[in-house]
Amino acid sequence: MLTRSSRSRMARLLALLLVFTLFAAACGDDGDSTTSEDDVDTDDTTPDDGSAPPTSAPEVGEGEDEATTEETGVVGGTLRVAVEAPSDGLNPAANNFATSSYVMGYQIYDPLFYVDTEGNWFPFLAESATPVNNATSWDIKLREGVNFHDGTPLNADALIATFLAQLESPTVSLAVKPSRPEENRYEKLDEYTVRFNLLRPVQNWPVSLSSQLGFIVPADYLAAAADDEALNQMPVGTGPFKVESREVGVVTRLVRNDDYWQGTDDIYLDAIEIYPITDTVIAAERVARGELDLIVTSNPEAQLTLEDQGVPTTSNLLGAEDDIMMNTSKPPFDDIRVRQALTFATDRETYANVIVQGTKPMADSMFHPDLKWHNPDVVQESDMPELAAPLIAEYCAEVPESCTNGKVNMELQYSGPSVTQTLLMDILVNGWEDYFNVTRQELLQPAHVNEVAFGLFDVVTWRQFGQIDPTNEVIWLECATAAEAVALNWVRYCDPERDELLFASQGTTDEAERIRLWQEVAQNVNESYAYIFTFHANWVVGFNDNVKNICGTAGPGGEDVICNSDGSIFLHNAWIE
């Protein structure tokens, strides 16, 4: 006999199968699998087929003492965590960090700064940050007495070495160079203080050091990793956990740092093991069965599985936006008429009904309505295919070399494989096919991201924007990051008037003015027709009943740490009963 949850899941699967079949027939496609950029495992040995973790993985508490502390936490045990994708490396000065990397990164490293629940930055590994010359420079003072996992001291030399390594990285430098002058980029003021100079005032600049760019590693480690890339898999940080072993694409085991600078009284777990499992529905089922302890996922079907099985969750809609991006630097999407036509023909309604199923709300712009930066007057256009026809006819008459049989030729690129993403691509193509000849390209995540960074795409599904403090959003929108061969302004759309708004927002301390400027930016983005916003991304952390104190971490000064920021989470204050 089927249980309520089994019936619910079966009904959804049947509905998905029905729509999938209809779209496959309409598109003449047999449903090649695809996924979002966070769903791919590049290692064939990854246990993504629903099997148990590798036999070498110890059970919770196996071979470890457990004792109740004088407070409420339970000491001991291994927390087994599922993430949606593997990471190519964990060196913050060399590798590209996405959500799966941050699930490990925030345990291995302490960020220089972090953000509280109100969006305000506060010192974490740093002791302070002081603006100089109207915030065109910042003095970063490190805490004294902090050691890295290898016993070497945290000091200004390590901070400078990390910064210089970031500048040397072909990819990480893209996020660093646009805001820095060519010369006199930093000054060492004393053993623990470094002054960083900027091109223009940035009043909330420490926010940019709250994630990967704020993870510091020792100078000796960086030199060794430059000669031996294998060391990128075994990083050295200052955080509450350190890497004991790592098999890329299979499992990473972190163990407690007994010399942690904040002490170990609040570090309850002996170890954390992270498993990349690309089929997150299977991962969610394994959490429900107790084979895994915790999952971090943005997959709607996985979230519904957690809900059906009664798994406790914590979610956050204020972290990122799902969108569709168009490459404006080359035909056909260098023409706004083609971008408008794709926008009008996009079937967001079916996407919402079939894929999302109520797990997250539709988005109109780059900020959730609960964020003060949101512009309520901006509305995302879609589901108006009748408006696409005259635009395509006009374009094809003028640019026939970009069209075949009266339709614009385009490529839709995505990463895979994933059944959910395959269905999403069918929905998109079904809405576009009357006006576009769509060629699909499915790539594994690393290749997909590289193709986008190099501009080798027409249209992609993506996730970005939406941060509680928008300081870091400038990097994705400014002209400086659109002009290079490798770009972080993914759509490669440059508007000098938008740059003026962005830089003014960074330079003011007037909150009302800052809000007004960002609302103008949202309007500008909408009118560029380079993005089609679909949904406010919903990152969910699901965990077993015996996992306690999720979101229990506070800052060094007792600050209320924002929990589950775009899937990133601190886990060292959690425990297993």
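In which order do the four strands of the open sheet stand, and is their pairing parallel or antiparallel? The order is β6-β7-β9-β8, and the pairing is antiparallel. The legends below describe a predicted model, in which local features need pLDDT of at least 70, side-chain atom pairs count only at pLDDT 80 or more, and totals for chains, interfaces and linings use all residues. Residues are numbered from 1 along each chain as its sequence is written, and side-chain values use heavy atoms, with hydrogens and water left out.

**View 1. The four-stranded open sheet.** Strands are DSSP runs of E with at least two residues, helices are runs of H or I with at least four, and both are numbered from the N terminus. Two strands pair if DSSP finds at least two bridges between them. The edge strands, β6 (126–132) and β8 (186–190), each pair on one side only. On average, neighbouring strands are turned by 20° against each other, direction ignored. Axes here are lines fitted to C-alpha atoms, for helices over the stretch in contact, and angles run from 0 to 180 degrees between N-to-C directions.

**View 2. The β6 and β7 pair.** Strand β7 covers residues 137–142 and is joined to β6 by six bridges, the two running antiparallel. Threonine 130 stands opposite aspartate 139 of β7.

**View 3. Helix α3 across the sheet strands.** Residues 156–168 form α3, which lies across β7, β8 and β9 (193–197). The helix runs at about 170° to β8. Contact means heavy atoms within 4.5 Å.

**View 4. The disulfide of cysteine 396 and cysteine 403.** A disulfide is a pair of cysteine sulfur atoms within 2.5 Å, and the whole structure holds three. Here the S to S distance is 2.2 Å, and the link is left-handed, with -90° about the S-S bond. Cysteine 396 is buried at 11% relative accessible area, as is cysteine 403 at 13% (buried: under 20%; exposed: over 50%; partly exposed: in between; 1.4 Å probe, protein chains only).

**View 5. The disulfide of cysteine 479 and cysteine 494.** The sulfur atoms are 2.0 Å apart, and the link is right-handed with 95° about the S-S bond. Both cysteines lie in the loop between β19 (459–464) and α12 (496–507), so the pair ties together parts 15 residues apart in sequence. Cysteine 479 is buried at 13%, whereas cysteine 494 is partly exposed at 42%.

**View 6. The disulfide of cysteine 551 and cysteine 563.** The S to S distance is 1.8 Å. The disulfide is left-handed because the torsion about its S-S bond is about -55°.
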